[in-house]
Amino acid sequence: MNGKKGLSLVLSGAMMASMLSLPAMAANQTAPDFPDAANSWASESIDRWGAAGVVNGDENGDFNPTSSLTRAELAQIFVNMFGLTEKAPNTYADLRGDEWYADAILKCTAAGIMQGDGVNANPMALISRQETMVMFGRAMGVVPEENPDLSNFTDGSSVADWAAGYIAPLAEMGIISGSGDGSVQPSVNIDRASTMALLDKAITVYVNEPGEYTVDNADGFVVVNTDGEVKISGTTAGVVVTAGSETGTVSLSGVTADTVKVDGTAAVALENGSKVETVTVNATSAVTVATGVKVDTMAINDDADVTNAGTITKLEANTAADVKNTGTITTLDANAAVRVDNSGTISKAVIEADGVILDGKKPTTVDVADGVKNPTDSKGNEIKDNTNSGGGDYYPPTTETVGGIVGVNPVDQSADDPITEMPTITASAYKTLATGIITIDLSSSDVVPLHENAQHKEGTWVGFAIKAPEGVTSANYSFGTAPSDTASSSVELTTGDPNVGGGAEGEYYFVAFVNATAVTPKTYLTIDWDGAGDAYAPQKYEINLSGVKTSTKTLTGVYTSLNELPENVQSSETGLAFDGSTALVSNGGSGTLTQEQVKGMGGGGEYTVYYAVPQEGLSFDKIIRTVNGKETTWNISSETGAEEGAGWWTKDEETTGNYYFKWGAVFAQKNAQGIWEMTDGGKYEYTLRFVDANENVVATYSFTVDLSGYTISKPETVTDVKVQTNGWVDGSSATIARDEAHELDLSEKVSLSQAEVTSRNGELVEYIGVPTEKLGEADTVVRTVSRPGVDTLGTATMTFEELQGDSRMGTLNEADGYTYFKFGTTFAEKKDGVWTVKGTGDYTETLTFLKDGVAVASCSYTIKAGNISISNQVEGAITDVTAPEWSAETPNKENVNEMMNALWAEGPTEVQGISVSQVFSWSGSTLTINKDNVTEGILNWITTQWGGTSVPVAITLSGEYKGTTDANWSGAVLVWVDLKTVESGPMTVELSNGGVTTLNVAVTSSAG
């Protein structure tokens, strides 16, 4: 609970009359005329709930304000207020099911508001104050206290145990406080007027129509009971999205609340820095937690879709929900077969149920309960327990705690009037075992004010100290905004400072301060404890500042629009100008945009966001905008005059007014085919950071632009296209010059030699016919070629004029009604002289036709390149064969080279006691081997050197051909010849890029 105290609600007529005020209404509705309520002390409350349709009169039109309330009547009030529809099975002994109140009793039971006594519902029993408080608390999602303290009430000990947990938090919020004598009177029956007053006090805003609502009451609730688009901002005890909210979206923008309870199927979006203690999801809703939003606990009790880009301390998945996480979840309690897609951070996953699916990044810690199956990814791969304390198989931990790191409190070094009272800074650290990086988590006991450091630079300076190894008094380090592998700066370490680690003499610390409100804080540290020494390896650290409380404001009351200027702002070229070209879309809107419309939006595919930002307490020197992770900076100062905006900026002259500005962004880009397409699925997460002259972030505002409801129409798809690669397209009367040399019949398999591919330069020709009427007034064609197995997309853009100029396109008015094109396509690529087929199958080609840069038609077709195969046999690649030279520095180097040369010399030559006559010779294109000169002495020498009876020869390859080289043989390409078994004929030699060539061998022998 927020712990704030509000006005006490005393449930007695005398005091109510002076304490109640009418909270905000959702609409100007007319209250029923209750004649008997006009003079009631609670008349305003009765009128409010009558107008909202929550209560009605009796058959005489009377409200009967002093009459006691039955359990059945309160059940009907809650059904009306919360739009309850689902009914529980009837298990009550005293409920037939056909009574007027039966549905209300069963609906409240299904919603968890009413439970009965275990046997009976007791519908006609008068309801007590404590029963009313419990039912109300359940309806509002109040979390009951485990150890309630009701000692402030004189009769607090008389409150039933089952009621005390709800009454305590409601008392903290000031919704109840007791009567004049300090008693809560739990067993006293409540009347109808007091019930209306209670609801009036407790529910600050009751929303039964779409719209935007602002609340500023930490002790009151907001209830949303309508379809459509609803936006809530401000501070409240809690928000209830009722079962009556079935469609639309409830946006909680910059909301601070204890609880959010989702009972309806309408989408719920927590955004713009909202902070909520407990979110309970009881319906199949789509719940989104945006960047910058913090939730302490979220409990999912129905098969909802939850998307988190913010921070959730604990997420309890009690049903088979779908959770997509791009933000941070400290603990995931999987109590059912939840499906999680994680690309953010999950520190710990506690698995309490079978069937849990964890896709994406694995949680840092996975703890599987005894008897529970390990979770898997969606492909069935097990994710094992890594705590060694639960069920499943043991999987080693991924982190370990690191000691010796402490927080250092801020000290204001301002020369004038320094701040003397500063919050306490604490630090904890852990090492990620896979990377070795140590993460230091810093937190503060309270808001750290802006102050000056020792260099008199203003910032939110928070410190930490790392204890050095024993005997180390200085170190090298690198401290910056990006990781570093080296530590280039030197520092003498701190010792004896009572503000650092207790100040013990002989203990040395590396001390650093970081500005938590800097645009880009220094959060990467590398320390080398012994500099150039080798006793310690450089250690990397990362500083986590999320626990530091700062003075940075989360702005509220900000207006944004995509299609209209803020209220009371007139378009001005010197101030803020309206751009009608981009006003075709609205945030959350829907519709279809043509290619031409998108092209005309700003510079093409752009929208404009118009802002109204409250001036009060906000001054800045620039604004930094982040959209889906992409950052841009605008050097605009809050001092800029109202008429100095050049169409982009203005402001109210009063400081209680607003700053007004606009900022364009891209929502569509042209693809490779020249067609406009939506980017990022049409959803854009925004954060604005307002930065002062000292580079401190003084305020932030986060919101979402949702254009996903818009579609961009595609150009007309042309299907009756003629395609041919081996002659004119059937029926063509085109006058394009035919290119028979590059034609290929791809209707069946075709095999080409290396020489044939060379003659075509790896290209084939295509003749394409497109119905002229489909082209309209197109003046340009964009051609793309997609080849399977090839990452890059072949793209070319050509105007019709360019094509006609080089005779590659026929006339536009062929008698058969077609326009003809001729294109060349590369089907083979050459590497190291060897041709191979480009890609691994058929090609998909697309032609997009443009008029003045706008796509008007497109067609796609297939080129059966998968039918092409290319022989890897290369003819005539070997131009010379010689004796190789052994270059490795080994003891036998000279002996080896002597023998290699002798085998090629005319000889005879004496080599190491062996008479060697010429064995090898090269002439023309043939390697000749004289088998008569292969003696037992030579074979024995070969066997001694390398084993076997093979010796190498060095081949020289022509032109661009390459083979595998051997560094031991002076980088030569070798062929090994077995002198004992070699025979006349071709020898296959492998080349680079899968090619092969032939070495012609002729063996001569007197024997043969």
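Modeller: Helix 3 and helix 7 are roughly parallel to each other, a label given to angles under 35 degrees, while those over 145 count as roughly antiparallel, 65 to 115 as roughly perpendicular and the rest as oblique. Their axes come within 12 Å and cross at roughly 30°; axes are lines fitted to C-alpha atoms, for helices over the stretch in contact, and angles run from 0 to 180 degrees between N-to-C directions. Helices (H or I, at least four residues) and strands (E, at least two) are DSSP runs, numbered from the N terminus. This is a predicted model, in which local features need pLDDT of at least 70 and side-chain atom pairs count only at pLDDT 80 or more, whereas totals for chains, interfaces and linings use all residues. Residues are numbered from 1 along each chain as its sequence is written, and side-chain values use heavy atoms, with hydrogens and water left out.

The crossing of helix 3 and helix 7 is right-handed, the term for a near helix turned clockwise from the far one by less than a right angle, anticlockwise being left-handed. Helix 3 contributes Glu73, Leu74, Ile77, Phe78 and Met81 to the contact, and helix 7 contributes Arg192, Thr195, Met196 and Leu199; contact means heavy atoms within 4.5 Å. By class, six of these residues are nonpolar, one is polar and two are charged. Here Ala, Val, Leu, Ile, Met, Phe, Trp, Tyr, Cys and Pro count as nonpolar, Asp, Glu, Lys and Arg as charged, and the others, Gly among them, as polar.

Helix 3 (residues 71-82) also packs on helix 5 (residues 129-140), at an angle of about 20° and with the axes 12 Å apart. Helix 3 is therefore roughly parallel to helix 5, and it passes helix 5 in a right-handed crossing. From helix 3, Arg71, Leu74, Phe78 and Phe82 take part, and they meet Glu131, Thr132, Met135, Phe136, Ala139 and Met140 of helix 5. The classes in this contact are seven nonpolar, one polar and two charged residues.

Helix 7 (residues 192-202) has a further partner in helix 2 (residues 43-51), the two packing at about 75° with their axes 8 Å apart. Helix 2 and helix 7 are therefore roughly perpendicular. Glu44, Ser45, Ile46, Arg48 and Trp49 in helix 2 meet Ala193, Met196, Ala197, Leu199 and Asp200 in helix 7, a contact with six nonpolar, one polar and three charged residues.

On confidence, pLDDT is the predictor's confidence in each residue, from 0 to 100. The chain has a mean of 89, and 94% of its residues reach 70 or more. Over residues 1-28 pLDDT stays under 50, and the model has 79 contacts for this stretch beyond four places in sequence.

Turning to the sheets, two strands pair if DSSP finds at least two bridges between them. Strand 61 is joined to strand 62 (residues 972-978) by two bridges, and Thr965 stands opposite Val973. Within strand 60 lies Ser950, which is in contact with Ile942, Trp976, Val977 and Asp978 when neighbours within four places in sequence are left aside.

Three strands form another open sheet, antiparallel and in the order 18-23-26. Strand 18 (405-408) and strand 26 (509-515) are its edges, each pairing on one side only, and the twist averages 25° from one strand to the next. Strand 23 (residues 461-467) pairs with strand 26 over seven bridges, with Ile466 opposite Phe510.
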